[in-house]
Amino acid sequence: MANPVRGEVEFEAEGQTYTMVLDFNALCDLEGDFPGIMSGGVELSSPRAVRSVFRSALAKHHPGIEEREAGDLIQIVGIAAAAE
């Protein structure tokens with residue numbers, strides 16, 4: 001179950017519940033992909049960026065999800081919902 005106090009968010013796709021959180025490790029992963037993200041010097045509006053953030057946010061509770069699987073989930077839930 002998601003813990004909203006810790007910033008966790010749940011969503012359901014194809015009968016499975018997923019939990020996302022942008023924890024410290026997710027931020028470190030994103031900093032590796034997007035240098036300058038922590039200083040606000042990066043705009044995350046490209047499809048690749050959205051997919052990277054989505055995958056990084058899933059990593060704590062779903063460590064086996066790869067980039068392309070994250071993209072498949074985005075396709076299922078819709079890009080507008082995923083970008084939220």
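Student: Which residue is the bridge partner of Glu10 in β2?
Tutor: This is a predicted model, in which local features need pLDDT of at least 70 and side-chain atom pairs count only at pLDDT 80 or more, whereas totals for chains, interfaces and linings use all residues. Residues are numbered from 1 along each chain as its sequence is written, and side-chain values use heavy atoms, with hydrogens and water left out. Strands (E, at least two residues) and helices (H or I, at least four) are DSSP runs numbered from the N terminus. In strand β2, the residue that bridges to Glu10 is Thr19.

Student: Is Thr19 buried or exposed?
Tutor: Thr19 has its place in strand β2, where its contacts (heavy atoms within 4.5 Å), leaving aside residues up to four places away in sequence, include Val9, Ala57, Leu58 and His61. A residue is called buried under 20% relative accessible area, exposed over 50% and partly exposed in between, with a 1.4 Å probe and protein chains only. Because its relative accessibility is 9%, Thr19 counts as buried.

Student: How many bridges join β1 to β2?
Tutor: Two strands pair if DSSP finds at least two bridges between them. Besides the bridge between Glu10 and Thr19, there is one in which Ala13 has Gln16 as its partner in β2. The two strands run antiparallel, and the number of bridges that join them is five.

Student: Which residue takes a positive phi in the hairpin of β1 and β2?
Tutor: The hairpin has two residues between its strands, and the loop in question runs between β1 (9–13) and β2 (16–20).

Student: What distance separates the C-alpha atoms of Gly7 and Gln75?
Tutor: Gly7 lies in the segment before β1 and, at 42% relative accessibility, counts as partly exposed. Leaving aside residues up to four places away in sequence, Gly7 touches Met20 and Val21. Gln75 lies 68 residues from Gly7 along the chain, and their C-alpha atoms are separated by 23 Å.

Student: How far apart in space are Ile74 and Val50, C-alpha to C-alpha?
Tutor: Ile74 belongs to helix α3 (residues 67–77) and is buried, with a relative accessible area of 8%. Beyond residues up to four places away in sequence, Ile74 touches Val50, Arg51, Phe54, Ile79 and Ala82. Val50 is 24 residues from Ile74 in sequence, and the C-alpha atoms of the two are apart by 8.9 Å.

Student: What volume does the largest pocket have?
Tutor: On a 1 Å grid over the protein atoms alone, a pocket is an open set of points where a 1.4 Å probe fits, with protein on both sides within 12 Å along at least five of seven lines, and its lining residues have an atom within 4 Å of a point. Grid points are joined across faces, edges and corners, and a volume is the space filled by probe spheres set on the points. For the largest pocket, the volume is about 350 Å³.

Student: Which element gives the largest share of the lining of the largest pocket?
Tutor: Of the 16 lining residues, the closest to the centre of the largest pocket are Met20, Phe54, Ala82, Ala83 and Glu84. Two or more lining residues come from each of β1, α2 (47–58) and α4 (79–83). By class, the lining has 14 nonpolar residues, one polar and one charged, where Ala, Val, Leu, Ile, Met, Phe, Trp, Tyr, Cys and Pro count as nonpolar, Asp, Glu, Lys and Arg as charged, and the others, Gly among them, as polar. The largest share, four residues, comes from α2.
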